[in-house]
Amino acid sequence: MKKKYSIFNIVKNAFSNNENWKKMWRNPEPRKFYDIIIIGGGGHGLGTAYYLAKEHGLKNIAVIEKGWLGGGNTGRNTTIIRSNYLWDESAHLYEHSLKLWENLSSELNYNVMFSQRGVFNLAHNEHDVKEIKRRVSANKLNGIDSHWADPKQIKKLVPIMNIENCRYPVLGASYQPRAGTARHDAVAWGYAMRADEFGVDIIQNCEVKKIRTKNGKVYGVETTKGIIRAKRIGVVASGHTSVLAETAGIKLPLQSKTLQALVSEPIKPVINTVVMSNAVHAYVSQSDKGELVIGAGTDGYNSFTQRGGYNTIEDTLRAIIELYPIFGKMKMLRQWGGIVDICPDASPIISKCEIEGLYFNCGWGTGGFKATPGSANLFAHTVAKDEPHSINAPFSLERFVSGKLVDEHGAAAVAH
Amino acid sequence: MLLINCPYCGERDQIEFTNGGEAHVARPKNPDQVSDREWSEYVFVRANPKGIYYERWVHTHGCKKWFNAVRNTSTDEILKVYKIGDPPPPIKKFKNTLKSPSGEPDVGSGNFAVKKT
């Protein structure tokens, strides 16, 4: 692997006013034919191309992105990473991902600013307490570093939290110290740069209009830059996956909704961990710039507008102020929405389908960012070998027919 | 925020309503005879287009009555509301301004839907 970034490079480029840095990736025109096309240039898609080239030694791969890299949900999430999921299948999936996160900056030689600052999931009533304690025990059995924290311990780590004099007092929380945050753009850029080094063509501003099939096999894609043929196609288009699947005649059990997030004006460090609350429903962390990064639930109807309604923001901030009265007079700087694709069981789909050579990695819903390296790694395995890895085998499309769902609605530490 | 014209109460704020997902989903007439795959489609698969589609709403904080709507999911415009039992208006009646299945202009932009064309 070529190392583009080092202390010597930084010094050398400082002398030329940082004007001579090489481009991180090429901007090629698409070829007529690729062995593998990945649709979607976010973290999951670029990561898939990277692992296909690196771990499976495959060549002649393209990533096609309709906008710019990481401009969809990769750049719109609240960057929380954790693996404290209840069910074994999910725990294995997200823990696989968390282990890859822990080594990602050095693997890519690109700083993704992965910060293991810990995540609290608060309990506000008796039911929460019982449910969270059960989840903590399940996590421990799966080798995940989850524990129960009582209100005193929470108050010690997050002194600004109002745990007593409120309608929903904090009765405890699960705490995962290895969880944390990362810089989401850097994840897309790091994967893009290294995939490009392996010869992957990253084609931006090129929208796939239709997936073409012939005799039950994939033929290629129709794009705004013409028809590109391919032997295998991986669709990793988050909210738009079902729209693309429809063009190949496949109906996926997905619903696309808006998930909003917002950031405040930057302030001095006040919170050095991530706090999520299910019952009053809001989560908050503080970015390295000092902005509070805030998110909550989805808007209640299908939409592709990437905007969302004001009432959801109001609900979110009501919860934030209840927990942190200190934030009451702060100003919010920016707000945005991303289109998330939600499965009926709130678990993802990493799977083949009835069309030969067509693969889907979708349904990540409101929590896909944390899974980026794991999802990409397992999807690359699925595409390369034409069969799922044992970790993503339970996340097949078939589960909706067999009924063996991985029901993480409510079980996954936050409501979806 | 959307204004929704409840067929019983008139125009009200969207937060008074709850969305009920796709409308006109028919339950198979002979559930014991359909295959697992067909049953799975009925239970789990719902239309999710970027564009115009039929959906249900209920006026939760008002008359509490269910009704149907035709909405463009790429702009959130509600094109028509009609009562349960009324025949669905043909979708072709409404002009879809989208150029491609995912609704992007020739050179992609994630925020196309915000711009008025």
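Biologist: Leaving aside its neighbours within four places in sequence, with which residues is L46(A) in contact?

Modeller: Contact means heavy atoms within 4.5 Å. By that rule, L46(A) is in contact with G40(A), G41(A), V63(A), L69(A), A188(A), Y191(A), A192(A), A195(A) and I202(A), leaving aside neighbours within four places in sequence. This is a predicted model, in which local features need pLDDT of at least 70 and side-chain atom pairs count only at pLDDT 80 or more, while totals for chains, interfaces and linings use all residues. Residues are numbered from 1 along each chain as its sequence is written, chains are lettered from A and ligands numbered from 1 in the order in which they are written, and side-chain values use heavy atoms, with hydrogens and water left out.

Biologist: Which residues have the most contacts inside the largest nonpolar core?

Modeller: A nonpolar core is a set of buried Ala, Val, Leu, Ile, Met, Phe, Trp, Tyr and Cys residues joined through side-chain atoms within 4.5 Å. Buried means under 20% relative accessible area, exposed over 50%, and partly exposed in between, using a 1.4 Å probe and protein chains only. Here the largest core has 49 residues, and those with the most contacts inside it are L46(A), Y51(A), L93(A), W101(A), Y191(A) and V200(A). Among the elements that give it two or more residues are strand 1 (33–39), helix 2 (43–55) and helix 7 (184–197) of chain A. Helix 7 of chain A gives the most, with seven residues. A second, separate core has 32 residues, including I39(A), I203(A), I211(A) and L252(A). As for the elements themselves, helices (H or I, at least four residues) and strands (E, at least two) are DSSP runs, numbered from the N terminus.

Biologist: Is C362(A) buried or exposed?

Modeller: C362(A) counts as buried because its relative accessibility is 0%. This residue lies in strand 18 (residues 358–362) of chain A.

Biologist: What does the loop residue V170(A) touch?

Modeller: V170(A) lies between helix 6 (151–157) and strand 6 (172–176) of chain A, and at 4% relative accessibility it counts as buried. Not counting residues up to four places away in sequence, V170(A) touches L122(A), A123(A), H124(A), P151(A), I154(A), M161(A), N162(A), I163(A) and L323(A).

Biologist: How should I read the value of phi of N215(A)?

Modeller: Most residues other than glycine have a negative phi. Phi of N215(A), however, is near 50°, a positive value in a residue other than glycine. N215(A) is found in the loop between strand 9 (208–214) and strand 10 (217–223) of chain A and is exposed, with a relative accessible area of 78%. Q306(A) also has a positive phi, of about 55°, although it is not a glycine. Q306(A) lies in the loop between strand 15 (292–302) and helix 9 (310–323) of chain A, and at 10% relative accessibility Q306(A) counts as buried.

Biologist: What is the pattern of chain B, read along the sequence?

Modeller: Chain B follows the pattern β-β-β-α-β-β-β, which comes to one helix and six strands. Of its 117 residues, 39% are buried.
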